[in-house]
Structure formats: structure tokens, C-alpha cells
Amino acid sequence: TVAAACLPGLSLAQAFPTKPVKIIIGFPAGGPLDSHARLLADKLGEKLGQPVIIDYKAGAGGSVGAEFVAKSEADGHTLLMANTGTMVINPHVFNKVPFDVLKDFAPVGKIGDAVLILVAHPGLAAKSVKEVIALSKTQPGGLSFGTSGVGGTPHIAGELLNMKTGSKLAHIPYKGGGQALIDVQGGQIPLVYTAVAGAYQLVKTGKVVPIAVSSSQRATSLPEVPTFIESGVPDFIVNSWVGIFAPAKTPQPVVDRLNKELNAVLTDPQVIEKLNTLGITASPGTAAKFGQEVKQDLARYGDVVKAAGIKVE
């Protein structure tokens, strides 16, 4: 029809998707992103009227999966689920990554924010942010904090705290957050910076002492734990977001349709509750707003990485 010919984008969005949609994850099955993807896939598939399949392309801190999607057909049928680490920290800590975040991707939408928490061994003399900062300055080699690895969001958070407060926290990277949490319980290390989801049970059972969360507001799952801002560190916000990206040249109407259906899923009370148990606060919003956040974080974390001299060979 003449009307459809005048509005090629509209007919494109109506026709999309014409086959199953694949969500690529740049990490092995069984990790945190996997849980989020499984939770969303079925619901998103119902809204799109096509199955949504999860596929894994693990390697290089998520870069292998990201590169695969960047080079895929830009028709909305191949998407990337990625986090802060892969998209805005890796480009600064690795000598080179095989993609350009701002040029190779069209942000579709943010799924939510994972709240990060600093926890301590119960025997540590410091029980608040002020006390941790003060104690760290009296330690010859600084006060050690464990994280899931070099260049991850928790590592960045610790370095940012050093920059903002003059604290002397010394980073101890682990191969995963789980082992770091085992060691802090055993007293091998005094502090661990990790996602709330991993520390929740340990905080509840008193096996670790919560110091603060680095979100703008208190975590829904641990409302008794103060934020760093409340504890006297202004503007201290370090979250790890999870979001969906499409290849750069994906037509706008297709991105809009994906964003609309993603937001519909994220306002489902069951989904909100399940994401909460995974330590994620659902954050529906526009693709443009998410794109803006990605751009700001890329610049912000670049400054921290440079100042702290963080590099992964």
C-alpha cells in the first residue's frame, strides 16, 4: 500500500520479529547474567510472539559475546545482554577490546541495577564507613578488600573510595566473588566488596558485617544497611547495571518495539520480585535514557581506571 510505502519503518516494526530472537551472553552458563536472561526470555517471547533463545559466547570478560553481536545482522533478531563491566570498564582496563561501545551498539533498554555492598569480617574493629577509612590509614600496606576480579565494578568502587576519601584500601582480586566471601568469613581478609545478592544470606545470619551499599538509595532487600552517601561520602554511587543492546544499525522502529516489550516485562510484579531476589532493582526506561547512562559511565569509569592505574594484560 502507498501508506505502508511512506512509512517503511512502521511496517518493519509490525513485521518484527519474523523468527526466534537470540540473546547472547558473554559469560558461561550458570552465572548471574544467565539467571536474569532466563527470567526474561519466556516473558519477552510471549510479548514478541517468537521464542527468545539464550546463547553463550564466553570469553575475555564478556568481550567475545559483545563482538559477536556487534558483527551480527542489524535486524533485532540477535541481541546482547551485558553489564557495566563488559561495556564501560573493559574498554579502559584491557589494552584493546574488539568493539566500540558507542559506535557498534544501539542500546535497547536497561533491565536494572545490581546494588553493591562492602562487608567486613565480624572481628574487624571498624563497623562503619568512617571507621573503615580511619583504620585503613593506620595500616602499613593498607586495609585489604577482596573482589571478584581486576577491573570489575567492585574493584572500581574500592578505588573510587580511595580517590574520594584518601582511604588506603588494598585490592585483592579473586577468580569470583564466592571465594572472596568464603575468605572474609574465615578472617583471611578483612573486607569484601560484592553484589548484594551474594552477600545477603551472610549478612542476615551475621557471618559478615555490612558496612554500606554504594547505590543512591538503600537496597530493598537490606533496608537496614546505610548508603555510602548517608555515611558521609558525597555522590558515591557505583552500581552494576544489566541491559540489552542491539547491533548499531538496527532500525529505530525495531529498537522501539524491543524497548516497549522489555519495559512491559519489567513492570510485571512477578518479574520485579524475582529480580529483587537476584539483587537487581528493575529499572524500565527509554532506550535513549539508557544510552545516556552508558555514555556517562564510560567517561566516569575511565577517569577512575586511569587514576588507579588498573590494567589487565
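Helix H5 (84–93) gives the most residues to the lining of the largest pocket, namely 4. This is a predicted model, in which local features need pLDDT of at least 70 and side-chain atom pairs count only at pLDDT 80 or more, while totals for chains, interfaces and linings use all residues. Residues are numbered from 1 along each chain as its sequence is written, and side-chain values use heavy atoms, with hydrogens and water left out. Helices (H or I, at least four residues) and strands (E, at least two) are DSSP runs numbered from the N terminus.

The largest pocket has a volume of about 1000 Å³. A pocket here is an open set of points on a 1 Å grid over the protein atoms alone, with protein on both sides within 12 Å along at least five of seven lines; a cavity is a set where a 1.4 Å probe fits but cannot get out, and lining residues have an atom within 4 Å of a point. Volumes are the space filled by probe spheres set on the points, which are joined across faces, edges and corners. Of the 39 lining residues, Phe 27, Pro 32, Asn 83, Ser 148 and Pro 154 lie nearest the centre of the largest pocket. The lining divides into 19 nonpolar, 19 polar and 1 charged (Ala, Val, Leu, Ile, Met, Phe, Trp, Tyr, Cys and Pro count as nonpolar, Asp, Glu, Lys and Arg as charged, and the others, Gly among them, as polar).

The second largest pocket, with a volume of about 300 Å³, has a lining of 5 nonpolar, 7 polar and 6 charged residues. Its largest share, 5 residues, comes from H13.
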